[in-house]
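Hello,

Here is the structure for your files. Please look it over, then read the notes below.

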Amino acid sequence: MRADTAAAYAVIPGGEPLMPAKLRVAEIRTRVVLRQRLLDRLYEGTRGPLTLVTASAGAGKTVLASSWVSAGRVPGRVAWISLECGDDQPGVFWTYVLEGLARSGVPLPALRPPARSDTTGRSLLTRLAAWLSDQDEPSVLVLDNVEVLGSSVLDGVDFLLRHASPQLRLVAIGRTAPPLPLHRYRLAGWLTEVQLDELAFTEDEAESMMAEHGARVGPEAVRILVRRTEGWAAGLRMAAMSLQDRDPHESEEIVRRFGGGRQDVAEYFLAEVFDAQPPGVREFLLRTSVADLLPTALADELSGRDDSARLLHDLVQANVFVLPADDGAVRYHSLYRDLLRAQLGRRPAEEVVRLHQTAARWLMADGQTAAAAIHAAAAGEWGHAATLAIDGLAVGGVLAGTDDDLTEALAGIPDEVGGPHGSVLRAALAVVAGDRGGAAPHLAQARRVIAGNPPTRENLAVRMVLAAVEVLSADVDRAAEAAVSFDALAAEAGPPAEDLSALVHARAGASLMWAGELDKAEDTLLAAARSAEVAELGRLRAHVLGHLALLNATQGRLRRAGDHAGAAAEVADEVGLSGVRRPAAIDAALAWIHFNQHDLRTAQRHARARPEPDDPVTAAALAVLRDRVLHSRADRAADRAAPAWLVAAVRPTRDGVVTVPVESWLRRASTELDRGRDDLARRALGHALHLAAPESLRRPIAEAPPRLRRFLSQDQELLHQHHWLGGAFAVVPTMRSDDDSRPAALVEPLTEREHEVLGNMAALLSTDEIAQAMFVSVNTVKTHIRSILRKLSVNRRNDAIRRARELGLLRTAADGAPTPVHEPPDLSR
């Protein structure tokens, strides 16, 4: 770059000098986390004419663009202009553009800057467009704070972009989208948009930010911070700075209290967002901040205005932490809402109470009973709040752990709130807190009050919720009996809330398992799984599917158990129950599957899981199996603490399962062998293997008499027919097609890395566990899994594993672990 070229446009119209700092790439003085996914987005975007990066203050827009330039990913020479309010004059703006292009190395002979600040001739833009179009190398013009520009400047930008493309690439960064004809750019495929949702930090990226600042926090603390900040870069950075060099215990306390009321967060919002609004808008924001979700009609009620729809639309477009939600409603960013509520809290208490009463009335009329109950509680109307929560069955969200806001709002219910609604609500809150003993007196009080009133349609809901809470607070040996009352009331009321039904049947199913009523237990658990899926209770569904897998595994139905275990592991992974947080019933089922498949090494690994304190069925199943697998002995104490059917499940004398006929044929084969009739022994052994094959049931064969096992080891034909006997097979048994046709080959082969992920998927490792095993990020694993599902033409992980086996993409290692087959299968046979 020649010095005389760089200085050619160093004076703006009027004789004032240009400010060189505005022509330098923004200097970032904080610790920066390079987010490859976003760098790639900018690189791909600048292969086209226009890339637009718009989001609220502090979202990391400028940091991203500066990191991208510094990383050397820009496809051409870069001219960076940091704009200010005074730059919205055509002469000033285009002089900075010419100087920026010259400093980037673009030769611009015979192009004179504008003579006046308030106008620019079209001839300058025409000649500039023609000159840029003739360059061998593209020029990338970055305009930071583009929201300061109006149509007088942007009309020229649009003209230049249309006539200098593809050699001119524009990156526009701002809080709002500039008034360019974006609809035309979208239609032509010229526009790449990076907005707030993409700029939000993922958990992996937030963890990297914490590490950059020396903050020692665990994954759960990072998860909480990401949820509370909604991935907002500035909020996470403030948290990281406050956590820097703190001990872990102190860090946990800071994370727990982190919110929009913190001084540093509040000062940022006040200076950057709230104080910049006109007085009328500030009043609107404060009065409507009491609502978590803000439909237009509710905004009108709270604010006393009749133009809320227009105002909310403008606020969303302005990217001032007012975000669109479902059904045309909006919501405030959680930290911004904290700030607004803190400011509102400085008003007289009577005013705040009236706002909550208004919200409660409107929401109740709209059928939103949970939200109405929250506002009734905030207004101190506790009896009304309890009635809403119970009669509207909103308490199901409390019991299921899916409505933290309602749980927190109702937790302060005073003891003097009487009646069955108050008593049942206090009992429900005690159960949620893990205090089943504390729920007992409240349940007794509710029963006494209800007993004094005849059953009516009006008190049906409170009786049904009372029955549900009694089920959830009952011991495992009494829960199924208590569930009978709930089912009767539910039948009278019509279909109950799915969350209540799922909770009750999950508890009742575990109770029936404990009692040994396994057929009824399976039907009840299946119903619970269906209800949990409808109610979107992923955590509960993972537990229920785990119990279904355990039930079937203990009964020798290994293929069905494997399907349930795979589905449970997938659901657990989807809802963040990974590693030690995964339901122990899943690992208990896998341990039993591998035990019955005589893969003791893998069974030992799963048998070390820790059951939840309130899951005695899984605890007993693990205790019994640990003694057999880990210690190769029977522990009478463990046997006495477990149901009799579970203890019998490890013995070869069970009735009604596939093991019995397998063992019968094995005994017959051994007898014929002792009599010297090898042909009859081989025929009986073949029958046993044929019965055991669908479930890969290796344990009876492994425990057969030594002479029979030696006889089998010398029969190459039988071993070839039953290759599943070699080593321990995979956890999820291979599903056979209804016909003998082989599946079609992959259209696109898996990569080496995808093969490795596939093998870990088949071992039912969670996404977190796969990431740890492969030393990659969780997001990278998720990307590989999505690619695998696409290439295998399936939608779920379980289906991917099954199809991979059909295609021969997995084989069994010597130690029984599933491993990927990297060479493509031969499907021509």
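Buried means under 20% relative accessible area, exposed means over 50%, and partly exposed is in between (1.4 Å probe, protein chains only). By that rule, 53% of the 829 residues in the protein chain are buried.

Two remarks on sourcing. This is a predicted model: local features need pLDDT of at least 70, side-chain atom pairs count only at pLDDT 80 or more, and totals for chains, interfaces and linings use all residues. Residues are numbered from 1 along each chain as its sequence is written, and side-chain values use heavy atoms, with hydrogens and water left out.

Overall picture. The protein chain has 44 helices and 9 strands. Both are DSSP runs, numbered from the N terminus: helices are H or I with at least four residues, strands are E with at least two. The C-alpha trace spans about 115 × 75 × 50 Å along its principal axes. Take the contacts (heavy atoms within 4.5 Å) with a separation of 6 or more: residues 24 or more positions apart account for 70% of them.

Helix α11. Just after α11, aspartate 245 takes a positive phi of about 60°.

Salt bridges. The term means a side-chain nitrogen of Lys or Arg within 4 Å of a carboxyl oxygen of Asp or Glu. The whole structure holds 43.

- Glutamate 205 pairs with arginine 37 at 2.7 Å, N to O. Glutamate 205 sits in helix α9 and arginine 37 in helix α2 (residues 36-45), so the pair ties together parts 168 residues apart in sequence. Glutamate 205 is buried at 10% relative accessible area. Arginine 37 is partly exposed at 31%.
- Arginine 802 pairs with aspartate 563 at 2.8 Å, N to O. Arginine 802 is in helix α44 (residues 797-806) and aspartate 563 in helix α30 (residues 558-574), 239 residues apart. Arginine 802 is partly exposed, with 22% relative accessibility.

Aspartate 403. This residue lies in the loop between α21 (395-400) and α22 (404-410). Aspartate 403 is buried yet has no salt bridge; the nearest side chain of opposite charge, arginine 337, is 11 Å away. For charge, Lys and Arg count as positive and Asp and Glu as negative, while His and the chain ends are not counted. Leaving aside neighbours within four places in sequence, aspartate 403 contacts Ala370, Gly397 and Val398.

A helix pair. Helix α29 (residues 538-554) and helix α31 (residues 584-596) pack at an angle of about 20°, with axes 8 Å apart. That makes α29 roughly parallel to α31. Angles under 35 degrees count as roughly parallel, over 145 as roughly antiparallel, 65 to 115 as roughly perpendicular and the rest as oblique. Axes are lines fitted to C-alpha atoms, for helices over the stretch in contact, and angles run from 0 to 180 degrees between N-to-C directions. Residues of α29 at the meeting include His543, His547 and Leu550; those of α31 include Ile586, Trp592 and Ile593.

Leucine 293. Its place is the loop between α14 (279-288) and α15 (296-303). Leucine 293 is partly exposed, at 39% relative accessible area.

Regards
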